[in-house]
Amino acid sequence: MPAFIETYNCRKGSLNPKKYPVSSREDLENCLASAEFAHKTGALLDINKRVEFLSEIKAQIINNKEALFEVYSTESSLNRIRFNAEFDRTLMQIDTYGDAALELNMRKKQSVLTDRTISKTPMPLGPIAVFGAVNFPLAYSTLGGDVMGAFAAGCPVIVKGHTLHAGTSILSANLIYKAREKLNLHPGVFGHLLDIGNDIGQAMVQDPRVKGCGFTGSFSGGMTIYRLTQNRKDPIPCFAEMGSINPVIILPNEKELNHHINALVQSITTDAGQFCTKPGVIFCPEPMLHKAVKMLNDSFENVAPHPMLHPSVQQRFQQRLTEINKCFKGKAYFNTDKEFGITRGFFVASMEQYLITPALQQELFGPAGVIVAYESEDELLRGLKNLEGQLTATIIGVNPEESIFFNWACANAGRVILNGVPTGVSVVSDMHHGGPFPASSDDRFSAVGEASILRFVRYVAVQKSEHK
Ligand code: NAP
């Protein structure tokens with residue numbers, strides 16, 4: 001008897017009617033064998049075919065926008081505005097990667113020496129395993145950056161769809177299948193699997209036919225996958241994009257506190273705070289703390305109700321709050337939205353309290369944060385030393401790049417924001433989305449922007465001499 005996956009609509013408070021079958025080991029084997037064949041026979045080696053494939057996927061997505069919205073919104077409870085933004089971004093990523101593939105292909109150069117020529121060519125790495133995150137059912141999932149980046153690099157892809165948006169993942173997969181069929185590409189260029197539990201995903205990344213892995217999700221999931229890929233007889237590149245706390249530093253010279261606090265609360269609470277770039281801790285000069293706390297509280301009181309992605313995500317968030325409340329004796333300002341019962345708000349800590357409370361220092365995936373008072377630059381530097389690698393670091397104040405914290409931010413985060421908020425990752429060539437461990441497993445690469453396709457490319461140099 002096959003097992004089935006059920007998804008949940010948090011706006012209605014009920015399960016969605018459709019059930020989705022779990023993939024079997026045989027399905028996995030078929031995907032792997034087919035992907036290996038597609039790779040070995042160069043199914044996506046021709047750059048024009050690849051670009052055509054990406055364009056056709058884009059056309060399929062555009063033609064099925066409403067069907068995608070229907071399943072996306074019922075499984076994630078994200079609204080139309082958010083869907084539109086993610087939809088546009090998904091299309092933009094496809095264009096960006098297509099252009100990047102063409103450019104990479106044109107960049108092929110030849111070094112001419114006296115007795116030989118050497119030419120270097122980018123080659124697809126091989127079949128890539130992709131795991132998407134719960135909070136981006138389009139842009140970081142089956143139609144997302146890792147999949148399109150790998151196609152752009154010429155690699156077959158096998159996706160392990162996210163269980164909590166299984167229907168969105170299946171519809172997305174069907175659009176890719178249609179594009180593939182229309183262009184008569186080998187079936188192995190794309191495979192899709194679903195699972196309850198972790199067996200299929202873990203077996204997939206350990207299989208020698210898989211040559212690379214893209215993961216977006218939690219630290220614990222990312223590290224499990226990363227370790228499996230590194231412990232293989234033939235270790236493979238694994239690009240795990242994981243969580244982040246995204247510290248914000250308010251400088252003592254800041255005069256527009258109200259403006260920035262309002263923007264920060266928006267950034268903490270939009271879509272119920274379920275972003276990897278959500279600001280998790282705000283370091284505030286002690287003399288401004290009282291004002292900042294009042295402004296934060298006023299702003300949190302006005303946050304519109306928004307459900308979380310799934311009851312299990314909400315439960316995990318509530319557990320984290322309970323865990324903090326058990327060991328943290330400082331002040332906390334929280335309210336609960338009446339429509340969906342989601343707790344929103346923030347903890348207030350001195351630097352001392354922050355440093356002795358490890359639970360306060362971990363990612364809080366939901367609409368909540370921590371404000372920490374610092375009394376001097378030295379005290380703040382002491383607090384910052386405690387933080388691990390970050391996706392982002394934000395500095396708010398006059399001339400933030402001249403502050404002593406700017407160098408710290410550049411050394412410890414993949415993206416430094418000056419007088420803004422960290423949410424909203426633009427898909428542009430100069431974006432870097434990644435960061436020192438544990439934000440990502442390899443901070444030399446970006447998961448967003450053209451450079452992201454380089455994760456799935458290897459090079460071959462051909463050296464030729466005159467035949468004598
Ligand atoms: P998750 O629980 O780690 O799940 C991600 C995917 O990995 C799912 O397909 C999941 O399978 C699978 N998985 C998790 N643990 C596994 C294991 N031990 N073995 C095999 N497969 C495993 O993460 P999530 O809840 O979806 O996402 C939330 C997290 O993602 C947050 O921490 C957020 O900050 C982070 N995130 C990071 C970025 C970024 O760009 N850095 C972007 C978005 C989100 P199932 O479907 O079966 O659960």
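Strand E15 (residues 390–396) and E16 pair in the parallel sense over 5 bridges. Strands (E, at least two residues) and helices (H or I, at least four) are DSSP runs numbered from the N terminus, and two strands count as paired if DSSP finds at least two bridges between them. The model is predicted: local features need pLDDT of at least 70, side-chain atom pairs count only at pLDDT 80 or more, and totals for chains, interfaces and linings use all residues. Residues are numbered from 1 along each chain as its sequence is written, and side-chain values use heavy atoms, with hydrogens and water left out.

Asn335 stands opposite Arg344 in E13. E12 and E13 form a hairpin with 6 residues between them, and Gly341 in the turn has a positive phi of about 70°.

## Parallel sheet

A further open sheet has 5 strands in the order E7-E6-E5-E8-E9, with parallel pairing. Strand E7 (190–193) and strand E9 (238–241) stand at the edges with a single partner strand each, so one side of each has no neighbour in the sheet. Here, neighbouring strands are turned by 15° against each other on average, direction ignored.

E8 and E9 pair in the parallel sense over 4 bridges. Cys213 has Cys238 in E9 as its bridge partner.

## Ligand site

Around the ligand there are 28 residues, of which His162, Thr163, Ser218, Glu363 and His433 come nearest; a residue is near a molecule if one of its heavy atoms lies within 4 Å of it. By type, the shell divides into 10 nonpolar, 14 polar and 4 charged residues. In this division Ala, Val, Leu, Ile, Met, Phe, Trp, Tyr, Cys and Pro count as nonpolar, Asp, Glu, Lys and Arg as charged, and the others, Gly among them, as polar. Strand E8 (212–216) and helix H8 (219–230) each supply at least two residues of the shell, and H8 gives the most, with 3 residues. Domain 1 (4–242 + 440–465) and domain 2 (248–418) each contribute at least three residues to the shell; the domain bounds come from an automatic or database domain assignment.

A polar side-chain atom of Glu363 lies 2.5 Å from a ligand oxygen atom, and one of His162 lies 2.7 Å from a ligand oxygen atom. From the backbone, an N or O atom of Gly217 lies 3.0 Å from an oxygen atom of the ligand. Taken alone the ligand exposes 900 Å², and the protein buries 90% of that (areas by the Shrake-Rupley method with a 1.4 Å probe).

## Backbone exceptions

Most residues other than glycine have a negative phi, and most peptide bonds are trans. Asn399, a residue other than glycine, has a positive phi near 50° and lies in the loop between E15 and helix H14 (405–412). The peptide bond from Phe437 to Pro438 is cis, with omega near 10°. Pro438 is placed in the loop between E16 and strand E17 (457–464).

Notes
Polar contact = N/O pair within 3.5 Å; in protein donor to acceptor, adjacent residues only side chain to side chain. Axes fitted to C-alpha atoms, helices over the stretch in contact; angles between N-to-C directions.
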